[in-house]
Structures are given as C-alpha cells and as structure tokens.
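Here is a short briefing on the model shown below. Read it with the coordinates open.

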Amino acid sequence: INADKTWDTYYPTYSWSALGKGVVVAVLDTGIYYKHRELLGRVIWCANTVGRVTYTGTDLDKCIDRNGHGTHVAGIIAAAIDNVGNAGVSPNVSIYAIKVLNDGGIGFYSDIAEGIILAVKGPDGLPGTIDDAKILSMSLGGSSDSNVLRDAVNWAYSNGAIIVAAAGNSGDGDPTTDNIVYPARYDNVIAVGAMDQNYNIPTWSSDGSEIDFVAPGVNIYSTYKNGFYATLSGTSMATPHVSATIALIQALRIAAGKQPLTFNQIYEVLNKTAIDVGPSGGFDVFSGYGLIDTFAAVNY
C-alpha cells in the first residue's frame, strides 16, 4: 500500500514522530498485549466492556489480550520501525485498547456498542474533547443487524468519528449475493475487504454493494500475544491497514498545521486514490473502489 514510500518522503520534513503523532486510533477487539516490544508506549488507555463490570483507565492489564487477534491488529497499525518483526503503517500513533470481545474472540453487540461510545468519549468521558478517539478500527462483525449497534455507530459518526470495519470472511464469490457483516454494512462505516499479494481477492472475503475498499489481508505477519509474532489472514488484517492510513493522513495534516479531515473528506481521498483491482474498472462488489494506496492518499 506504499506506506514505506510515505515514511521516506515525509519524515525528513516532519520527523518520524509525525507519522501518527497527535492521533488516537481505538482498536475494538480482544484487547492488546501492550507489553510487546513493538507496541511499548503505544497503548495509552483502555476500556473493557466484557463481563458484568465495565473498566476504563490506564491499568492496561485490565484489557490484556489473551487471544492474540487484537494484538495482531494493533501491530499492523502501530508496530515500531526498529528492524525487528513487522512495522506498523502509522508507527507513532497512540492506541486505545477497547476490549469488547472475550478471550475466545466472541462478544455481544451491546458490549461492542458500549466500547464505541467509550472510545469516542475518551479518558475524560466527554465527547467533543481533545482526548476523543476519532478513528475506530473494528476487525469484527456479525451477520445480523442490531439497533443498539446501529445507534452507537450513528452517535459516533455524529461526533466526528471515522469507523473502519472488516467486511467479513463469509464471501462466496457470487456477485449476486451480499454477505457483508455489521457494522461494516452501515453507510457511515468504511467496509474493508481482503486482497492477497498477487492483487487477487480471496473467495472468503465478503462481497456486496456495501464494500468500500480492499487492503492486504492474506498471510499478514504482525505482533501477537505474549510477545510473539504470527501470520494471519482475514478481513480483520485488511481493516487496520486502512485505519492506519487514515491516521497517517490526519497526523501529517496536524504536523503541517492543518485541520484533520472529516469522514466524508477522508472517504473522498481514499476513493480518488484507490488502485482499481477489479475486473471491469470502477466499483465492483468484490473490491469496492480498489486497493488502498497510502502514499497517494496522503499526497491527494
């Protein structure tokens, strides 16, 4: 996705710190193994909505990842550039670990909805303040609609949040069916499908009219629980590539003294700069508007 080209072009002007500095991405997942050497200092606050009592605060052990999924996602976004392991697309971004799925990777819509609201309110518990998470990365989804989930997404959108969500792994290769999951299926959420290193869309990547873009999602190497690394596949891996690209755009705008872009502006940027990988040109139900191009998006 040309993230490395973005780093090499912009760090001489703004320094490495600008590659994510001043931007928070909330990762709604199974938690994050914040002790991983690649993520040290990146996770600065957490919330845990799983179970009877909700936790919010800076005791990151309350949101530790015992599954591995959330840590893998976080590494795609923010792993350090240190000649070890992998490098995150936006390596200096700050992360909120929002644990909305249990250690088995399963959760309730109500817990996810609460996590959305807590992320957007941020540590001070108030929306519209400087500590709000304005980018939510959600590598999760369900097959059925939910009023509580939809209401939370709409509330987040109305408060300026940009939600990026996995399209799902239930594709069937049939353009006449629609198997995009929720919340990616909502209009005010950016739905991300997977693509492999040969620019092919795997059959399992969910397809439908709600798909927006694709990103790398096959055999992705990233951080994992207990300080390890793992290679995983899924639209869950594609989603953080897009979340982190948005974070880079916003961070570099801040570094240049400009205002962050709105949801609609970000969507236009990604749309205009995506690489068309579909069979017939233009939008299609498998790849949306195409492969995300970080360097082109930042330059747009």
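**Glycine 31 and its surroundings**

Glycine 31 is in contact (heavy atoms within 4.5 Å) with Cys63, Ile64, Asp65, Gly70, Thr71 and Lys99, leaving aside its neighbours within four places in sequence. This is a predicted model, in which local features need pLDDT of at least 70, side-chain atom pairs count only at pLDDT 80 or more, and totals for chains, interfaces and linings use all residues. Residues are numbered from 1 along each chain as its sequence is written, and side-chain values use heavy atoms, with hydrogens and water left out.

- Glycine 31 sits in the loop between β1 and β2 (43–48). Helices here are DSSP runs of H or I with at least four residues, strands are runs of E with at least two, and both are numbered from the N terminus.
- Glycine 31 is buried, at a relative accessible area of 1%. Buried means under 20% relative accessible area, exposed means over 50%, and partly exposed lies in between (1.4 Å probe, protein chains only).
- Lysine 225 is 194 residues from glycine 31 in sequence. In space, their C-alpha atoms are 9.8 Å apart.

**Helix α2**

- Helix α2 spans residues 69–78 and is mostly covered. Nine of its ten residues are buried.
- Those buried residues are Gly70, Thr71, His72, Val73, Ala74, Gly75, Ile76, Ile77 and Ala78.

**Nonpolar cores**

- The largest nonpolar core has 53 residues. A nonpolar core is a set of buried Ala, Val, Leu, Ile, Met, Phe, Trp, Tyr and Cys residues joined through side-chain atoms within 4.5 Å.
- Ile77, Ile95, Ile190, Val242, Ile246 and Leu270 have the most contacts inside this core.
- Helix α5 gives the core its largest share, nine residues.
- A second, separate core has 35 residues, among them Leu101, Ile116, Leu118 and Leu140.
- In soluble globular proteins, nonpolar side chains tend to be buried together.

**Packing of α5 with α6**

- Helix α5 (residues 235–255) packs on helix α6 (residues 263–273) at an angle of about 110 degrees, with the axes 11 Å apart. Axes are lines fitted to C-alpha atoms, for helices over the stretch in contact, and angles run from 0 to 180 degrees between N-to-C directions.
- The two helices are therefore roughly perpendicular. The classes are roughly parallel under 35 degrees, roughly antiparallel over 145, roughly perpendicular from 65 to 115, and oblique for the rest.
- α5 passes α6 in a right-handed crossing. A crossing is right-handed if the near helix is turned clockwise from the far one by less than a right angle, and left-handed if anticlockwise.
- From α5, the contact uses Val242, Thr245, Ile246, Ile249 and Gln250. From α6, Ile266, Val269 and Leu270 take part.
- By class, the contact of α5 with α6 has six nonpolar, two polar and no charged residues. Ala, Val, Leu, Ile, Met, Phe, Trp, Tyr, Cys and Pro count as nonpolar, Asp, Glu, Lys and Arg as charged, and the others, Gly among them, as polar.

**Packing of α2 with α5**

- The axes of α2 and α5 come within 8 Å and cross at roughly 35 degrees.
- α2 passes α5 in a right-handed crossing.
- His69, His72, Val73, Ile76 and Ile77 of α2 meet Ser236, Met237, Pro240, His241 and Ala244 of α5.
- The residues of this contact divide into six nonpolar, four polar and no charged.

**Packing of α1 with α5**

- α1 and α5 pack at about 20 degrees, with axes 11 Å apart. That makes α1 roughly parallel to α5.
- α1 passes α5 in a left-handed crossing.
- Thr6, Trp7, Tyr10 and Tyr14 of α1 make the contact with Leu248, Leu252 and Ala255 of α5.
- This contact holds six nonpolar residues, one polar and no charged.

**Backbone points to check**

- A cis peptide bond joins tyrosine 182 and proline 183, with omega about 15 degrees. Proline 183 is in the loop between β6 (162–166) and β7 (189–195).
- Asparagine 2 is not a glycine, yet has a positive phi of about 65 degrees. Asparagine 2 is in the segment before α1 (3–14) and is partly exposed, at 28% relative accessible area.
- Asparagine 226 also has a positive phi, near 60 degrees. Asparagine 226 lies in the loop between β9 and β10 and counts as partly exposed at 48% relative accessibility.
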